[in-house]
Amino acid sequence: MFFFFVGGLEQQVRQVVKSGVGNCINCGSRVDMVHYDKVLKLFFVPVWRWPAKDPLLHCNNCKLFFPHSYSLPPSAANGSPSSPTLTDALRCRFCHRAVEADFRFCPFCGSKL
């Protein structure tokens, strides 16, 4: 007997708490702080939905959810004079992902920072 199963877990925006709170770590566009739901889907049909505990940041451009601690500060997006050095210091030069300033190696691609 052979069974074919298609299912998955997905995050969906429930409510926007605050708009324009930072920048996306993937594409650099503005992000919103949102309350979201986790949704279990079976054969592409939502079966079960439950609210998540903490609000996340959500990018409408690339549809990425990430915690507030990974976001670039909003002052870097306003074109302040220190924004290029802040942005370069918080991004890996190879994979261009945001990393913490005290890291010596990128946690995503492993290259030396």
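Reply: S111 is placed in the segment after α2 (83-89); helices (H or I, at least four residues) and strands (E, at least two) are DSSP runs, numbered from the N terminus. This is a predicted model, in which local features need pLDDT of at least 70 and side-chain atom pairs count only at pLDDT 80 or more, while totals for chains, interfaces and linings use all residues. Residues are numbered from 1 along each chain as its sequence is written, and side-chain values use heavy atoms, without hydrogens and water.

Me: Is S111 buried or exposed?

Reply: Buried means under 20% relative accessible area, exposed over 50%, and partly exposed in between (1.4 Å probe, protein chains only). S111 counts as buried because its relative accessibility is 15%.

Me: In what sense do β1 and β2 pair?

Reply: Two strands pair if DSSP finds at least two bridges between them. Strand β1 (residues 7-23) and strand β2 (residues 30-42) are antiparallel, over twelve bridges. V16 has V34 in β2 as its bridge partner. In their hairpin, with six residues between the strands, G28 has a positive phi near 85°.

Me: Which residues form the largest nonpolar core?

Reply: In soluble globular proteins, nonpolar side chains tend to be buried together. A nonpolar core is a set of buried Ala, Val, Leu, Ile, Met, Phe, Trp, Tyr and Cys residues joined through side-chain atoms within 4.5 Å. The largest has nine residues: V21, C24, I25, V31, M33, L57, C59, F66 and A98. β2 and β4 (56-59) are the elements giving two or more residues to this core. A second, separate core of five residues includes V34, Y36, A52 and L56.
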